[in-house]
Amino acid sequence: MSDFAIIIEQLRGTLKLEGMAEACCDVSKMPVHMRPGLETLLAKMIETEIRHRDDARTQKLLKAAKLPVKAHVEDVICSVERNLTRDKWDALSDCGFVRRAENALVTGATGTGKSYAVAALAHQACSIGLKTLYLNMNHFVPVMKQAYLDGTSEKLLNKLSKLDLLILDDFGMQTMTADIRSILLTLVVDRYEKKSLIVTSQLPVNSWYEYIAENSVADAMLDRLFNGSHHIDLTGPSMRKGSRK
């Protein structure tokens, strides 16, 4: 076994440095006279290891995020027809608002690309190391109700509070009840100015107060949700009729 093969085996097996092993393997395949010097080789190995770890971290975060669709911020179409300018999208797509614990509200009729847009933002958040989770309200509400019944709600809410970005998709599609009001209020209050929240809805924001249907809860929740938030109101024809995003 060659010296390179031994080194690669130790890097990959004993030290678990897959990136460095990959770089070393690439160099071992080069003609001897073309192989880089020690300093260049070390720099290449370190660079490859960092990239490998970043990629592995991103994939782990994406798996945990449970996104409904694979989406990227650069693929989202900005146009006057969609009521989404490039400047407005660029201001959100770097996910600086997540780091600042600000909220984003994405509204629009069905098929206008709300879920795709927030999935793209979530993908970007994961790529820069931010813990993210996508929740469709139609699935999340029953889970949360059951957690209250079996006494695990505090544990679940504590888990959600550790997320840098929480996405609540399809807000307003459920019949409002006292349980749902309590769940939403708890989430919004717990995350206010601490962690970021994205909410999507077919309902225009000016009808959310009426939808919540309880003045004190609506005041407490919407004041925190709207304060300093970013709002995208998507318009135009359905994006599901083609490959548009």
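Reader: Which residues of helix α7 are buried?

Author: Helices (H or I, at least four residues) and strands (E, at least two) are DSSP runs, numbered from the N terminus. Buried means under 20% relative accessible area, exposed over 50% and partly exposed in between, with a 1.4 Å probe and protein chains only. In this predicted model, the buried residues of α7 are Met137, Phe140, Val141, Met144 and Ala147.

Reader: How far does α7 reach from its first C-alpha to its last?

Author: The expected span of a helix is 1.5 Å times one less than its number of residues. Helix α7 covers residues 137-150, 14 residues in total, with an expected 20 Å at 1.5 Å a residue. Its C-alpha distance from first to last is close to that value, at 20 Å.

Reader: How far apart are the end C-alpha atoms of α3?

Author: Helix α3 holds 28 residues, and at 1.5 Å a residue these should span 40 Å. Its buried residues are Leu41, Met45, Thr48, Glu49, Thr58, Leu61, Leu62 and Ala65.

Reader: Which element gives the largest share of the lining of the largest pocket?

Author: On a 1 Å grid over the protein atoms alone, a cavity is a set of points where a 1.4 Å probe fits but cannot get out, a pocket is an open set with protein on both sides within 12 Å along at least five of seven lines, and lining residues have an atom within 4 Å of a point. The largest pocket has 18 lining residues, with Ala64, Lys66, Leu133, Lys159 and Leu163 nearest its centre. At least two residues each come from α3 (38-65), β2, α7 and α8. The largest share, five residues, is from β2.

Reader: How much space lies in the largest pocket?

Author: Grid points are joined across faces, edges and corners, and a volume is the space filled by probe spheres set on the points. Ala, Val, Leu, Ile, Met, Phe, Trp, Tyr, Cys and Pro count as nonpolar, Asp, Glu, Lys and Arg as charged, and the others, Gly among them, as polar. The lining of the largest pocket has 10 nonpolar, three polar and five charged residues. The space in this pocket is about 500 Å³.

Reader: Which residues line the largest cavity?

Author: The whole structure holds two cavities of 30 Å³ or more, and the largest has about 50 Å³ of space. Its lining has seven nonpolar residues, no polar and no charged ones. Elements β3 (165-171), α9 (178-191) and α11 (215-226) each supply at least two of the lining residues. The lining consists of Leu168, Phe171, Leu184, Val188, Val199, Met221 and Leu225.

Reader: Which elements give two or more residues to the lining of the second largest cavity?

Author: The second largest cavity has about 40 Å³ of space. By class, its lining has four nonpolar residues, one polar and three charged. Asn103, Val188, Arg191, Tyr192, Lys195, Leu197, Arg224 and Leu225 form that lining. Two or more of the residues come from each of α9 and α11.

Reader: What is the phi of Asp170?

Author: Most residues other than glycine have a negative phi. Asp170 is in strand β3 and is buried, with a relative accessible area of 18%. Although Asp170 is not a glycine, its phi is positive, at about 65°.

Technical notes
Residues are numbered from 1 along each chain as its sequence is written. This is a predicted model: local features need pLDDT of at least 70, side-chain atom pairs count only at pLDDT 80 or more; totals for chains, interfaces and linings use all residues. Side-chain values use heavy atoms; hydrogens and water are left out.
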